[in-house]
Amino acid sequence: MFSLIYRSKAAKGLPNEEIHDLMRNASRFNAAHGITGCLVYHRHNFIHLLEGEETLVRKLFGRISKDERHGEIVLLNLEENKFRLFSQFSTIYNNFDDVSDQIRHKKMLFHQIFHGSEIVKSPGSSKLTLWAHVNKLLKKDTKLSFG
Ligand SMILES: Cc1cc2nc3c(=O)[nH]c(=O)nc-3n(C[C@H](O)[C@H](O)[C@H](O)COP(=O)(O)O)c2cc1C
């Protein structure tokens, strides 16, 4: 099992509905190809973890990299691991721009990364990388940071 994490910036003026559409299609593709993961969106920034068979994940990342709906893509982590962080989600989507849901989503994400997933049992850099970047992103704009 291979995992990849990147961050990127949404294209200027990208509407929320476009992100929802994108996620609906992405979930369908990912579910059909055994790809799981988590996409966090906050104030025009994406942080995306993809996990699955290495060739498929790399190919998908190649497509995502060319997508004009975002840019400034930075690869944060590549890892081979026995476990998935988000085994039950084809894409769990956290839109942290929705203020009323921010604390709830953040707690859910923290719980999933550190308590709710198989990867807790194994050492690995993806959970720490994912959490560190999500936390940093939220710290920039909110006072909700913890962990
Ligand atoms: C931030 C972001 C994340 C994306 N994540 C996925 C994904 O997880 N799975 C997926 O199939 N497409 C994802 N896409 C869409 C792909 O970039 C691409 O549009 C889609 O795979 C269709 O590819 P095609 O237009 O080359 O057929 C994402 C796009 C963006 C901007």
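**Close-ups of a predicted model**

**View 1. Ser 3 and its partner across the strands.** Start with Ser 3, whose bridge partner in S3 is Glu 51. This is a predicted model, so treat the view as such.

**View 2. S1 against S4.** Here S1 pairs with strand S4 (residues 70-80), again in the antiparallel sense and again over eight bridges. To find your way in, look for Ala 10, which has His 70 as its bridge partner in S4. As a rule, side chains in a regular strand alternate between the two faces of the sheet.

**View 3. Around the ligand.** Fifteen is the count to keep in mind here: of the 15 residues around the ligand, the ones that come nearest are Ala 26, Phe 29, Ile 64, Asp 67 and Arg 69. By type, the shell splits into seven nonpolar, five polar and three charged residues.

**View 4. Who builds the shell?** Which element gives the most to the shell around the ligand? That would be H1, with four residues.

**View 5. Stepping back to the whole chain.** The protein chain has four helices and five strands, and from the N terminus on they run β-α-β-β-α-β-β-α-α. Of its 147 residues, 29% count as buried. Take the contacts between residues at least 6 apart in sequence: 76% of them join residues at least 24 apart.

Conventions:
Residues numbered from 1 in each chain as written. Predicted model: local features only at pLDDT ≥ 70, side-chain atom pairs only at ≥ 80, totals over all residues. Near = placed C-beta within 6 Å. Helix = DSSP H or I, 4+ residues; strand = E, 2+ residues; numbered from the N terminus. Nonpolar A, V, L, I, M, F, W, Y, C, P; charged D, E, K, R; others polar. Pairing = 2+ DSSP bridges. Buried ≥ 20, exposed ≤ 12 C-beta atoms within 10 Å, placed from the backbone. Contact = placed C-beta atoms within 7 Å.
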